Amino acid sequence: MASMNIDNEDADVVVDDFDLIPEHQDKDVPVDDSKQFVKSLVRDADKANVLLDASDPQVLEKYKTAGVIANRALHHVLMACKPGMKIVDLCRMGDAFMSEECAKVHLDIKGKGQKGICFPTCVSVNEVAGHNSPFSDDKRTLHHDDMVKVDMGAHIDGFCAVVAHTIVLGACEGKKANVIAAGWSAAQSALRLLKAGHTNSQVTIAIEKSASTFACDPMDSVLSHEMRQYVIDHDNTIICKQSEERKVAEFTFADYQVFGIDVMITSGRGKAVDRGERCTIYKRNVEVEYPLKMKTSREFLKVINKQHPTFPFTMRNFEENRSRMGVIECVRMNMVQPYPILSERQGEYVAQFKFTAIVSPKGTIQITGLPLDMAAVHPSAQVHDSALTDLLSAKFEGALPGFYEVVNLPKFEPNTTSEEKSEQEKTKVNKTQKKNDNKNANKKSNKPRYRDPKNSNKNKGKNQKNKPKQQQSNKKKNPPKTNKSNKSNANAAQSQPRPQQQQERPTMDLD
């Protein structure tokens, strides 16, 4: 039986490998209190002198297994992206893939919530920054030239692997190419700086340099967290963009730390805003306990504690459950934390690259993340900073993920799908119908749409002058009607001969 020595100031503790596996991992998650569940699984180093980290071979193997599943699921969803595809169908596809693949491995782990999805599949398009995992009735689809970001995560026994990638359904040029090139160079810089002895501020500076090189900006308030067993967002964080308002404590990387590096670059101002879209992703806050008043809220919390005790989940899982209305009270009492859908200004683009990596004495171990074919990206600028150039040109001294394949998308031409063609034909038919209706309406009404008040008096005079002429023409065309009796009398009078007038004879005087 192998053993592992852990040094402590007070005493040396020898722990068998079998003791590192939680004792009740074959049991269901407790229903009443998820906080007790987390405490029973994750043993704190200060109390038990034992910390389940990547230094243990079994833990490292679980990280790698979860990483392979997450990478394969990401590649599967990205290859299915095409114009006309529904966003919700892609999200369901990613969640189903991760759940099915996780069920095939580590059959000794049978409890609910102890393997599966640690972050639901999100598909965000163009200016939407993230957390877009819509309900089943959502009808939004992908279109040609869309920039698509897919984000997800899987875990085995609480050891999670998160990943995200960005593609373009068309030519990668202009703003899109600059954003993708900036995000990729920032992610690769962070991967090379993730070594014991380096600090989180060095990674932040490299990200900011990569963004400014391509006239882009890192997104505000985007954090990369250290991850531990059943903890996806530890206190040790790396910020993409540091300012006076938003700062994080500086720390030094140590061996066997696990980080989910999240790089998000935008072509806009770097400020994402909640535009009122329905939030669908939530996470249980295990630090807060409160006696809920509503029955639906208690039922909702009971299901969460059993199925999603620590990791984020999507409300799509509760569409057929009447207890979904209880999320309102749970959020109000801070027992459940929302992940709102944040967006940049319309017309801008946001690129995201996320990977999981382990700091190791022999070199950084990259657990998740897919490669990018930079030959298909055509940015308008190149990296000229000497320090950044040296960092990117240096060979990566570490291990790549077990599944590491490029996403080779076919060339999408505009209007290739039948759905888009039918929609365009409908719009054309509607436009022609509107034009014909307007023409007919103008023919029926001879009155002008707009009248000039200056010319109104002139028009009045012209109309008055033309009135007698119109009346004469009308008389000629339409003579006045007469009665039949009058017509017969007139004809009879014309037929009779006129009487001749007798001439007066001159008289003679006989006298």
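Reply: Start with pairing: two strands pair if DSSP finds at least two bridges between them. Strands (E, at least two residues) and helices (H or I, at least four) are DSSP runs, numbered from the N terminus. The model is predicted, with local features needing pLDDT of at least 70 and side-chain atom pairs pLDDT 80 or more, while totals for chains, interfaces and linings use all residues. Residues are numbered from 1 along each chain as its sequence is written, and side-chain values use heavy atoms, leaving out hydrogens and water.

Three strands form an open sheet in the order S4-S16-S12, and the pairing is antiparallel. S4 (128-130) and S12 (273-274) are its edge strands, each pairing on one side only. S4 is joined to S16 (residues 342-343) by two bridges. Val 128 has Ser 343 of S16 as its bridge partner.

How many of its nine residues are buried? Nine of the nine are, so S11 is mostly covered. Buried here means under 20% relative accessible area, exposed means over 50%, and partly exposed lies in between (1.4 Å probe, protein chains only). The cover is on both faces of S11. One side carries Val 258, Gly 260, Asp 262, Met 264 and Thr 266. The other carries Phe 259, Ile 261, Val 263 and Ile 265.

S11 has several pairings. With S17 (residues 350-358), S11 pairs over nine bridges, in the antiparallel sense. There, Phe 259 has Ala 357 of S17 as its bridge partner. S9 also pairs antiparallel with S11, over three bridges. His 225 stands opposite Gly 260 of S11. S8 is antiparallel to S11 as well, with two bridges. Pro 218 has Ile 265 of S11 as its bridge partner.

The buried residues of H6 are Asn 200, Val 203, Thr 204, Ala 206, Ile 207, Ser 210 and Ala 211. They sit on the same side of H6, because they cover an arc of only 160° around the axis. The arc is taken over the directions from the helix axis to the C-beta atoms. An α-helix has 3.6 residues a turn, so residues three or four places apart point the same way.

What about the length of H6? Its 14 residues (200-213) should span 20 Å at 1.5 Å a residue, and the end C-alpha atoms are 21 Å apart, which agrees. The expected span is 1.5 Å times one less than the number of residues. Just past H6, Ala 215 has a positive phi of about 55°.

Tyr 230 is in the loop between S9 (223-227) and S10. Its phi is positive, about 60°, although Tyr 230 is not a glycine. Tyr 230 counts as buried because its relative accessibility is 3%. Tyr 256 is in the loop between S10 and S11. Tyr 256 is not a glycine either, yet its phi is positive at about 70°. Its relative accessibility is 33%, so Tyr 256 counts as partly exposed. Most residues other than glycine have a negative phi.

Elsewhere, another open sheet of three strands runs in the order S14-S13-S15, again with antiparallel pairing. Its edge strands, S14 (313-314) and S15 (336-338), each pair on one side only. S13 (residues 281-284) and S15 share three bridges. Tyr 282 has Pro 338 of S15 as its bridge partner.

S14 also meets a helix. The buried residues of H4 pack against S14, along with H3 (57-80), S3 (115-125) and S5 (147-156). Those buried residues include Ile 87, Leu 90, Phe 97 and Met 98. Just after H4, His 106 has a positive phi of about 50°.

Last, the whole protein. The secondary structure comes to 12 helices and 20 strands. Of its 511 residues, 44% count as buried.

Key. Contact means heavy atoms within 4.5 Å.
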